[in-house]
Amino acid sequence: MMSAEIYLQTINWQKRLRREIPILKEICEQKNTTQKQIRILDLGCGPGKHLTELAKYFPKAELVGIDLSSEMIQLAQKLLISFDWAISSQINFHAGDFFSQSPSNFGKFDFIYSLGNSILLMLEDHKPLELFSRINQFLAPNGLLFFQILNNSKPRKGYVPSPICHTQEGDNFYTIKRFDPNLHQNQMEVEFVEVYQKKNRSKPEVKAHKSFWPLISNSEIAKILSSFNLEILETWGSYNKIPFSSSKHDSLLLLAQKRNKNSNFLY
Ligand SMILES: C[S@@+](CC[C@H](N)C(=O)[O-])C[C@H]1O[C@@H](n2cnc3c(N)ncnc32)[C@H](O)[C@@H]1O
């Protein structure tokens with residue numbers, strides 16, 4: 001994972017939040033949140049941008065962000081200082097591995113979400129069953145789960161460059177991600193290439209690091225969720241809520257609800 005500061009600067013947050021917050025807000029509203037004190041968890045929250053936006057709409061909500069990277073959490077806390085007291089007092093950021101957290105420390109959540117492929121990063125070291133079992137433990141009865149994950153039925157291939165941005169030091173910086181789904185069975189090799197072009201220097205500095213993301217099929221996700229009585233309510237292929245098509249969309253967006261009875265969802 002690249003440094004938290006670089007992650008913050010590489011992402012076009014305006015674009016992302018414009019497309020991602022409305023759907024998160026709409027899901028929260030299903031819980032009648034203007035009246036109720038709802039508890040929201042952002043899993044793998046990174047710099048915490050989504051939580052600070054959501055807090056503006058739900059002044060009674062209690063929002064928690066967990067991230068493995070203490071650097072990300074320090075950045076999230078630093079960014080939170082610029083918000084007014086009402087917002088900053090609603091949000092708590094915790095550095096730590098989600099797999100070693102317990103609901104007895106955090107309580108249960110009405111809404112858990114995970115964006116930016118955090119789920120895939122978590123599955124680098126853990127089995128999907130373990131992940132969803134833990135998420136299930138953190139969900140309150142009838143709690144909602146929403147996550148984004150790469151669509152395994154339509155694996156990306158090749159190079160995906162991010163637009164050039166400027167780091168605080170005044171360098172030009174851009175990342176290239178190379179996806180190679182064929183290299184390893186059940187794994188996609190993702191290579192992050194970071195390129196810095198320092199001012200007044202012709203030769204760019206290149207850093208590359210590889211990550212191996214597990215390939216989890218949509219039907220496997222559906223099977224695991226249903227084994228925990230997490231009923232799939234909707235699957236979208238984009239943040240403007242276009243119904244998911246496994247042959248068309250790069251990402252799967254999935255909304256599920258914790259039920260007491262067995263789910264009969266067929267993918
Ligand atoms: C690509 S970032 C996404 C951040 C943010 N959700 C977003 O949408 O921009 C993925 C984040 O997942 C976090 N992560 C990976 N494994 C984790 C784990 N086991 N527990 C908590 N966070 C984890 C990483 O530290 C990283 O900040």
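A crossing of two helices is left-handed if the near helix is turned anticlockwise from the far one by less than a right angle, and right-handed if clockwise. The views below come from a predicted model.

**View 1. Helices H8 and H9 cross with a right-handed sense.** Helix H8 covers residues 128-138, and helix H9 covers residues 218-227. Two packed helices are described by the angle between their axes and the distance between the axes. For H8 and H9 the angle is about 40 degrees, and the axes are 10 Å apart. Angles under 35 degrees count as roughly parallel and 65 to 115 as roughly perpendicular; H8 and H9 are therefore oblique to each other.

**View 2. The ligand sits in a shell of 21 residues.** The closest of these residues are Tyr 7, Arg 16, Gly 44, Asp 67 and Asp 97. Sorted by class, the shell contains eleven nonpolar, seven polar and three charged residues.

**View 3. Two helices, H2 and H7, each supply at least two residues of the shell around the ligand.** Helix H2 spans 13-29, and helix H7 spans 118-122. The most is given by H7, with three residues.

**View 4. Oxygen atoms of the ligand face N or O atoms in the side chains of Arg 16, Asp 67 and Ser 118.** For Asp 67 the distance from a ligand oxygen to the side-chain N or O atom is 2.5 Å. For Arg 16 the corresponding distance is 2.6 Å, and for Ser 118 it is 3.5 Å. On its own the ligand has 600 Å² of accessible area, and the protein covers 93% of that area.

Technical notes. Residues numbered from 1 in each chain as written. Predicted model: local features only at pLDDT ≥ 70, side-chain atom pairs only at ≥ 80, totals over all residues. Heavy atoms only, no water. Near = heavy atom within 4 Å. Polar contact = N/O pair within 3.5 Å; in protein donor to acceptor, adjacent residues only side chain to side chain. Areas by Shrake-Rupley, 256 points an atom, 1.4 Å probe, with all protein chains shown as cover. Helix = DSSP H or I, 4+ residues; strand = E, 2+ residues; numbered from the N terminus. Nonpolar A, V, L, I, M, F, W, Y, C, P; charged D, E, K, R; others polar. Axes fitted to C-alpha atoms, helices over the stretch in contact; angles between N-to-C directions. Parallel < 35°, antiparallel > 145°, perpendicular 65-115°, else oblique.
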